[in-house]
Amino acid sequence: MISAVTWVPKGASKISPVVAEPPSKDEIEEILKTGALRRSGDSEEDEQVDMDVDDLKDADEVAHALATAEALSKDQGDKGSHFQDIADGLRELDMDHYDDEDDGIELFSTGLGDIYYPSNDMDPYLQNKDDDDDDEEIEDMTIKPTDAVIVCARNEDEVSHLEVWIFEESDDGDSNMYVHHDIILPAFPLCTAWLDCNLKSGDKGNFIAVGSMEPAIEIWDLDSIDEVQPFLILGGVSKKKKKGKKTSVKYKKGSHRDSVLGLAWNKEVRNVLASASADKTVKIWDVVSGKCAMTVEHHRDKVQAVAWNQHSPEVLLSGSFDQSVVMMDVRSSNQVSNEWCVAADVENLAWDPHSEHSFVASLENGTVQGFDVRASSDTDSSSKPSFTLHAHDKAVSSVSYNPVAPNFLATGSTDKTVKLWDLSNNQPSCVASQNPKAGAIFSIAFSDDSPFLLAIGGSKGRLEVWDTLSDLGVGGRFGKYSNRTIDPPPTD
C-alpha cells in the first residue's frame, strides 16, 4: 500500500545523486537492533532450522533415488543396465559431498593461469563493455531539471520504504514513470513532508520528513542513494527497559509519545516543521537545531492533520479525532485563535492557496466542510461552515487544492474514487470522478510544476498520475489556467 505521496519541485534534486558510503560496523549493529531489515516473525533460529530441513530433505531425496535405481537394476537383470547406469551416475556425482571444495582446484581459473591487466581497456574480453554499461548506468541515475519527482511512502510484504519515482513528460502526451531509488524504513510510514531547508551547508537541500507508527520523525536526504540511516531524527525512544512482563520506555527530550500522524513544512520559515500525533499533541520543530521548539495540547484526542497558512506563515491549523479544527498563532503558544466543531473525525486539512482566509477539512463520514476564518467573529458563527459537501460514501482521506486554478479541489476517499470539484461561490459541483484502480485512496497531491497532474496512492500500492486537464469537464471549467505557473518562493 501507498500511505503518502509527495511531489519534489523540479530542479530541487541533484542531477547526479551521491552514493552513500557503506555503513560502519557500529551503524550496521544499530540497524540490526532496530529490525529494519528483517520481516516481522523472522528470526535467525527460524532461518537456520529452514536451512537444516532443506539440507536433510535434499540428502534423503538423493539417497532414495540411488536405492531405487539399484533395486530396479537387480530386478530387471540384464535389462536393468539402464538403471545401473543411473545408479553409477549418482555415485559419481557424490551429492552428499557436492558442496565440498576439492583441494588444489582453482574454481575460477581459466586453466591458463592468472593474467592481470592493468586496466579494462587492455583486457580483450572486456573491450568497450564497461564504457557502454557505465554510460547507460549514468543516464539511468541522472535526474534532469525537467524531470518531475514523486516520493511514495510504501509498505509491502511487511517491508516499509520510500520510493523515489521519476515522471517524464513528453510533448506528444505520453509519459514514462520509473523508480529511481528507494530507501528502507524501520517503521510503517504514515505521512511525509518535503522540505528544502539545507541541514548540511549551502542554500537549499532536498529532504523528506517521515512520520510513522513510531514516535520519532525521520528526515532523509533524497540526494543520497543507498543510505541506511536518516540524516536527522527528531525525538524518538532513547531507552527501553524490560521489567518482568512490562517494558518501560524513556523518550528523548521533546519527543512525541505515540505515532506521528501528520506533518507540515513551513515554506516561508524554512527551518520549521509541524507534527501531529496520536499522543493528542502538536509540536513545532526547528530542523536545523533538531529540537522541539513548542508543544501544544489543545486537543482531547488524536491529532490527525496540520497545515500552515502560506499567506500568514505564523498561522497553523490542526485537526483531531475530537471532531474539532483549531487555528493558532504559533507566536503565542498558549492562545487558540479560533476553534471550529466539525461533523466527524478530521482526516485531512488544506488551506486555499488563492485565499488566505479559507480552508477545508475532510472528514471520516465522507463529507468536506469549508470555512472562512473571517466569519468566526462570534461564538455562534464560529461553528458554521461556508459549505458542507457530501463528497464520498466513505472517509475522505486526502484533499488537494490546485495551485493555479482558483476553486479547483481534488478529494480522495477510501471508497476507491477520486473526485474533482468546482467550489465557486461556496456551491460545490462535481466536475469529474474517477476510479484510478489504486484501491482505497490514502493520499493525493497536485504538482506545483505541472499543476494539472494529480499523484494518487492507495491500498493496492500502485502509484497513479492523473492528467486532470485531459478530462473534458476540467478543460472546460479550468483550461484557461493551464498556462499559468505559480510564483517561485522568495529567496533569502
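Guide: Two strands pair if DSSP finds at least two bridges between them. Strands (E, at least two residues) and helices (H or I, at least four) are DSSP runs, numbered from the N terminus. This is a predicted model, where local features need pLDDT of at least 70, side-chain atom pairs count only at pLDDT 80 or more, and totals for chains, interfaces and linings use all residues. Residues are numbered from 1 along each chain as its sequence is written, and side-chain values use heavy atoms, with hydrogens and water left out.

Visitor: What is the mean pLDDT of the protein?

Guide: pLDDT is the predictor's confidence in each residue, from 0 to 100. Here 72% of the residues reach 70 or more. The mean is 83.

Visitor: How many contacts beyond four places in sequence does the model have for residues 39-47?

Guide: Contact means heavy atoms within 4.5 Å. Over residues 39-47, pLDDT stays under 50. Where pLDDT is low, the predicted coordinates should not be read in detail. For this stretch, the number of contacts beyond four places in sequence is 7.

Visitor: How many bridges join strand 25 to strand 26?

Guide: Strand 25 covers residues 396-401 and runs antiparallel to strand 26. V396 stands opposite S413 in strand 26. The hairpin has 6 residues between the strands, and there N407 takes a positive phi near 70°. The number of bridges joining the two strands is 5.

Visitor: Which residue takes a positive phi in the hairpin of strand 26 and strand 27?

Guide: These strands run antiparallel, with 5 bridges. A410 stands opposite L420 in strand 27. The hairpin has 4 residues between the strands. The residue with a positive phi, near 80°, is K416.

Visitor: With which residue does D196 form a salt bridge, the closest N and O atoms being 2.8 Å apart?

Guide: A salt bridge is a side-chain nitrogen of Lys or Arg within 4 Å of a carboxyl oxygen of Asp or Glu. D196 lies in strand 6 and its partner in the loop between strand 13 and strand 14 (272-277), so the pair ties together parts that are 74 residues apart in sequence. Both partners are buried. The partner of D196 is R270.

Visitor: Is D422 buried or exposed?

Guide: The side chains of D422 and R477 meet in a salt bridge at 2.9 Å, N to O. D422 lies in strand 27 and R477 in helix 5 (residues 472-478), so the pair ties together parts 55 residues apart in sequence. R477 is partly exposed, with a relative accessible area of 40%. At 10% relative accessibility, D422 counts as buried.

Methods: Buried < 20%, exposed > 50% of the residue type's maximum accessible area, 1.4 Å probe, protein only.
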